[in-house]
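Here is a short briefing on charged side-chain pairs. Look over the sequence and the model before reading on.

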Amino acid sequence: MDSTVNKNEIFTVGLTGGIGSGKSTVAKVFKALGIPVFNADKAAHSIYAENSRIRDAVIEKFGGEVAVCDSDGKAVDIDRQALGKLAFSEVGGIEFLNDLVHPAVGKAFQVWVKNLPSTVSYVIREAAILFESGSSKSCDAVVTVSAKEAQRISRVKRRDGHDIAVIEGKLKAQSTDVQRESLSDFILRNNDSDMLLPQIEKLHIVLQGKSINFSK
């Protein structure tokens, strides 16, 4: 990150991390600190319901089992759990969704930013696939939340009840922690033995000053 040149009108911090890393928990802490958080995954979910062109393309690609229909049998939304299983298991499935959905998510982010007050010091752009979707390129800085794979698998199993095969499929479809860390400006460690909150508080102070003096 070059702290002297901002790509955005409001300093934009990408927040990412693999499944089970604790990314959403970190986002909640930033929000509690008064920092606006844009959740790219939730934005994509809204797009499935609101954009019939994208919804129809997803159904055509993955089949009717991913469709949520009204009483007349008309598709009105996407079953995200069904879509996730198919997209992660099908070769090229995630890439297809990235190319289809994330340009629309990017536009939604720009609209969201324009409605924020100019007094905001920085914003968080939270996305599970920040690098994979190319969204990291439009961020002024990137934060990765990292945790050991065994702990991540255990967390997801407790949270979602998925079997190991499904979880491992999702892990393989995402970048590794090593890859994410090498591309990030800041890293938050979230293993069970780590103190996460002090790391976030320190990073918050750094980001308010648009500085990169923060140890990975």
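A salt bridge is a side-chain nitrogen of Lys or Arg within 4 Å of a carboxyl oxygen of Asp or Glu. Five salt bridges turn up in a search of the whole structure. This is a predicted model, where local features need pLDDT of at least 70, side-chain atom pairs count only at pLDDT 80 or more, and totals for chains, interfaces and linings use all residues. Residues are numbered from 1 along each chain as its sequence is written, and side-chain values use heavy atoms, leaving out hydrogens and water.

**Bridges of Lys23**

- Asp41 and Lys23 join their side chains in a salt bridge, 3.9 Å from N to O.
- Asp41 lies in helix α2 (residues 40-50) and Lys23 in helix α1 (residues 23-32), so the pair ties together parts 18 residues apart in sequence. Helices (H or I, at least four residues) and strands (E, at least two) are DSSP runs, numbered from the N terminus.
- Lys23 also forms a salt bridge with Glu126, with the closest N and O atoms 3.0 Å apart.
- Glu126 lies in strand β5 (residues 123-126), so its pairing with Lys23 in helix α1 ties together parts 103 residues apart in sequence.

**Bridge of Glu90 and Lys61**

- The side chains of Glu90 and Lys61 form a salt bridge at 3.5 Å, N to O.
- Glu90 sits in the loop between α4 (80-89) and α5 (93-114), and Lys61 in helix α3 (residues 52-62), so the pair ties together parts 29 residues apart in sequence.

**Network**

- Salt bridges that share partners join Lys23, Asp41 and Glu126 into one network.
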